[in-house]
2 protein chains.
Amino acid sequence: MFGLMQDRPLLISSLIDYAATFHPHAEIVGRTVEGPVHRTDYAQIQRSAKQVANALETLGIESGDRVGTLAWNTWRHLALYFGVSGSGAVLHTVNPRLFPEQIDYIVNHAEDKVLFFDTTFAPLVEKLAPALKSVRAFIAMTDRAHMPAIDVPNLLCFDELVGSQSEQYEWPEFDERTASSLCYTSGTTGNPKGVLYSHRSTVLHSLMECAPDTFGVNSQMTLLLAVPMFHANAWGMPYAAAMTGMKLVMPGPHMDGQSLYELMRDEKVGFSQAVPTIWLMLFQYFDAHPEIDTRAIGLKRIGVGGAATPRSMIERFERDFGADFVQGWGMTETSPIGVIGNLLPKHLSMPKEEQTRVKMRQGRGVWGVELKIVGEDGQRLPHDGKAFGHLHVRGPWIASGYFKGEGGSVLDAEGFFPTGDVANIDGDGYVQLVDRAKDVIKSGGEWISSIDLENAASLHPAVAEAAVIGIAHPKWQERPLLIVVKRAGMEATREELLTFLAERVVKWWLPEDVVFVDSLPHTATGKLLKTKLREQFKGYVATTSV
Amino acid sequence: MFGLMQDRPLLISSLIDYAATFHPHAEIVGRTVEGPVHRTDYAQIQRSAKQVANALETLGIESGDRVGTLAWNTWRHLALYFGVSGSGAVLHTVNPRLFPEQIDYIVNHAEDKVLFFDTTFAPLVEKLAPALKSVRAFIAMTDRAHMPAIDVPNLLCFDELVGSQSEQYEWPEFDERTASSLCYTSGTTGNPKGVLYSHRSTVLHSLMECAPDTFGVNSQMTLLLAVPMFHANAWGMPYAAAMTGMKLVMPGPHMDGQSLYELMRDEKVGFSQAVPTIWLMLFQYFDAHPEIDTRAIGLKRIGVGGAATPRSMIERFERDFGADFVQGWGMTETSPIGVIGNLLPKHLSMPKEEQTRVKMRQGRGVWGVELKIVGEDGQRLPHDGKAFGHLHVRGPWIASGYFKGEGGSVLDAEGFFPTGDVANIDGDGYVQLVDRAKDVIKSGGEWISSIDLENAASLHPAVAEAAVIGIAHPKWQERPLLIVVKRAGMEATREELLTFLAERVVKWWLPEDVVFVDSLPHTATGKLLKTKLREQFKGYVATTSV
Ligand SMILES: Nc1ncnc2c1ncn2[C@@H]1O[C@H](COP(=O)(O)OP(=O)(O)OP(=O)(O)O)[C@@H](O)[C@H]1O
Ligand SMILES: Nc1ncnc2c1ncn2[C@@H]1O[C@H](COP(=O)(O)OP(=O)(O)OP(=O)(O)O)[C@@H](O)[C@H]1O
Ligand SMILES: [Mg+2]
Ligand SMILES: [Mg+2]
């Protein structure tokens, strides 16, 4: 027997409709590609989104068609977020930091029918255009005055195309499982694969982002959107923002420390999220400007995810900014909420020091994401904070597979998604990431965490960046190799570093050798590209054995 | 094209599973019917819920069957909430404060197969049992020692029946639209009608209750559940609590001021919700105990709904308790979140006085509840804070009709539910309730709000309670009649009250007459029973015309 409640589909169009109706004048403020700050509001974004929907119709875009974007966090991109998905088409956000050949691969694989791009990427688009067979029109996201002089077929101007459309548009109603957006993983572990979100998964994920146990998004907050909209839907924040009418501040392409600071200060930002690299850049700016009163900014909450957070970052945000710090773990495949590191009641009375230790774990389970860790045999391991294994997740905003079936059927027998990460889970449900499964070093049947070794090495003053990979070993199968970039003007020897590490990790974890390099390879999202390192150091033989 | 996200149904069992997994030891504390305080946790409630599911199987309960409860807010009732719905049966919470003939009607209409009841209601159950044809077993929610000595067929003991079951039970997976619980409206406007909630509507509603723009339910909070679990699912809080692992404090039958205060103090309650009557009772207790330091309780948030909130209540909670006050409007038919009166950013810098004015409105629209006000012709009226009309609502946790089709097809042409309330909506989306459509007084084509007149009359020191109804009038069709209960030992005349009102309302709103009575009729949920009053004063002729 079914309940007698209204059968309303969960659609992305309802989010912008809510904001435009109940928070029409809540602000959307952003730096533009052209430079100046642009101010608009939800009422206007809704009108622009409806114009986008009408424009797509004139371009012949139909329900399910992919619409590509190569763009920063701007109001035009926001209008595309709601206009494209709201109309029933699929918003395909392409990461412009990928290698050109990856972009080529992705756009062709997705069969994008049109491509919206910021003028920053005009040269890139010009270069790629001939290979992008499916793309019928290239739309520069700017006004007539700033149109790039490039040679691509069917080049259109966003403000002309979209601005000339009617603001009247009736959002279609359809099944909430309909695909809404598409985002490819960044490719640290092979060819990028497409994650195809649905309206349902997006709306449910937005609801969870409002819960205080995740981010507590609400209408009294002002968010600086420092996660790119081309990466996992900017962690879903554009949707959650509209769901609550939260004031949004967007940096456009100006992601440097000074620009971010100025936006925070001028727009009274209370909340922001980003990967650690962004915050390190911001810290560098403040290091160079000790005269700035960072507490005066009024930051209340800072979120970090995408990579492990150094303890010093947590401490600095809390000490210098008076902001509450929260780490999260997630993936493109998890929308991205996986786990979030808010404190439990019992932690509140603990000393700061211990709270920070809790916050260094990746985060705690929230409703909607079932977690398990399993051994090599697929059996569940206990949640005791010690046992570690492959982290598998299940829930309504977790991927069930990849676009066009890439990677085959990925779910395990219980329908969980294997994340490729190795972790332990403690009794309170806090997850600690040990390593990516592909990066963990299998030494004589035991596992060594490359992340732990990298973190330990990073504490040495002369180490700018460290990577640890496994190299083949006749007796132990694999042994760790430490690869180090030295800080400019500083020195350190192999022996010094090994002695330093010996005080911090168990003996059998000690790297077999240390090599010094000028730089380390990274992915488009700033993560260490270990596949490349493993290639480079294939067959490497340690100078002396320890 | 569908997205490629996991197809996980939204089921109530997932809520208790979450709490038991991630907050196993978060406390559930409650006064029992027997008296003492009982302490348990989510891990144990999950086990009890699974035992309930097994017990239902032994009783022959199948998916979709209704399981009745006549019970207070206790851990046993909580175990039924999750055990009954989780197993696929329908939890039918019966309001024990209804008149016996209404309970008889409701249980027979719902065809409850079994009835769980608190021993408080043993005499009532004994009296009703012969008429409850569908009920196969009566289960007293207590242990063997406290079993009531009543003569009903197949009388069982909860602790024996449930406690003897296995704690192993695999929740079934089914369509999320499956009916989960059933609650009848309280009957101010006719025979009670059943609202049949679904798993989907319940889970979505719980998600919204976590949003700070509604109640911000989270794991760091402690809630005193002062809304009865037999009334609109205790405003959905048992579900939202489990979704976050929030500590729950339950008063059982001990709803008097002293008991509530002691629970608040002993359990460090930060948040509570109730209808205004409950808070007035609590205030009376504090009036009699001026030595109590109300700020020391540590209340952070107070929610009120179900009836209009007097200004003095808002002020007192904020002044004496230091608690943030929030009013909400909702109905059994809206799960019950309709609108919630949190402040917007622009209000935060306003003087307290003006914030209170905002908080006296019923509340602001939140995502998931579309609102419109329409005139007699069904046309939408503007949201300008002035125009008022019938309030219609639409959304995934709003009823589409009543159980067994009572009342026919109720939705309007756009699929909105007509609430029966008359309201205006201002530019910020705050709703102000004018009256129930059936209570509004139609005077010469214009509407007079009975609520506004009652509120104005209540300000007079000699007025304990006031009701306003329409009486027939040869010229104006209807005119207001003010019916007053005087405060013990105080006096007031018809003329005095009319003069008092003349300073507070426009001239044509002035009541045609004033009558004094010893008491006013109320519904089971403490609301004025105006149908009864209208009957009583049918054909009433005013003594003199004004
Ligand atoms: N808080 C965190 N601490 C440590 N690592 C994290 C954290 N959050 C995310 N990660 C890492 O980032 C991964 C998710 O990143 P993302 O989805 O952006 O692409 P990617 O996994 O780097 O790319 P690809 O899947 O193509 O290799 C996780 O699987 C995890 O390894
Ligand atoms: N904040 C509020 N201020 C004023 N009135 C309110 C408020 N919240 C709820 N109400 C009133 O309560 C009604 C909902 O109450 P409920 O669903 O408990 O049963 P009922 O409407 O009293 O009973 P019945 O439908 O049988 O007449 C609303 O329709 C509205 O009239
Ligand atoms: Mg990945
Ligand atoms: Mg009603």
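**Close-up views of the two-chain model**

**View 1. The interface of chain A and chain B.** Chain A and chain B bury about 5700 Å² between them, with 60% of that area on carbon and sulfur atoms. On the chain A side, A:M5, A:Q6 and A:W367 lose the most area to chain B, and together they make up 16% of what that side buries. The model shown here and in the other views is predicted. In terms of contacts, 74 residues of chain A meet 74 residues of chain B.

**View 2. Polar and charged pairs across the interface of chain A and chain B.** The rule finds 30 residue pairs in polar contact across this interface, both residues of each pair being at pLDDT 80 or more, and it finds four salt bridges between the two chains. A salt bridge joins the side chains of A:R8 and B:E370, at 3.9 Å from N to O.

**View 3. Elements of chain A that touch chain B.** The elements of chain A that each give two or more residues to the side touching chain B include helix 1 (13–22), helix 7 (199–210) and helix 9 (237–244), and among them are also strand 9 (194–198), strand 16 (363–365), strand 17 (370–374) and strand 18 (388–394). Helix 7 of chain A gives the most to this side, with seven residues. By class, the side of chain A that touches chain B has 41 nonpolar, 20 polar and 13 charged residues.

View 4. Most peptide bonds are trans. In chain A, however, the bond from A:S335 to A:P336 is cis, with omega near 10 degrees, and A:P336 is found in the loop between strand 14 (324–329) and strand 15 (339–340) of that chain. In chain B, the bond from B:S335 to B:P336 is cis, with omega near 10 degrees, and B:P336 lies in the loop between strand 14 (324–329) and strand 15 (339–340) of chain B.

View 5. Most residues other than glycine have a negative phi. A:E111, a residue other than glycine, has a positive phi near 55 degrees; A:E111 is found in the loop between helix 4 (100–110) and strand 5 (114–117) of chain A, and A:E111 is partly exposed, with a relative accessible area of 37%. In chain B, the phi of B:K404 is likewise positive, near 60 degrees, and B:K404 lies in the loop between strand 18 (388–394) and strand 19 (417–425). B:K404 counts as partly exposed, at 43% relative accessibility.

Note on methods. Residues numbered from 1 in each chain as written. Chains lettered and ligands numbered in written order. Predicted model: local features only at pLDDT ≥ 70, side-chain atom pairs only at ≥ 80, totals over all residues. Heavy atoms only, no water. Helix = DSSP H or I, 4+ residues; strand = E, 2+ residues; numbered from the N terminus. Buried < 20%, exposed > 50% of the residue type's maximum accessible area, 1.4 Å probe, protein only. Contact = heavy atoms within 4.5 Å. Buried area = accessible area lost by both parts, 1.4 Å probe. Polar contact = N/O pair within 3.5 Å; in protein donor to acceptor, adjacent residues only side chain to side chain. Nonpolar A, V, L, I, M, F, W, Y, C, P; charged D, E, K, R; others polar.
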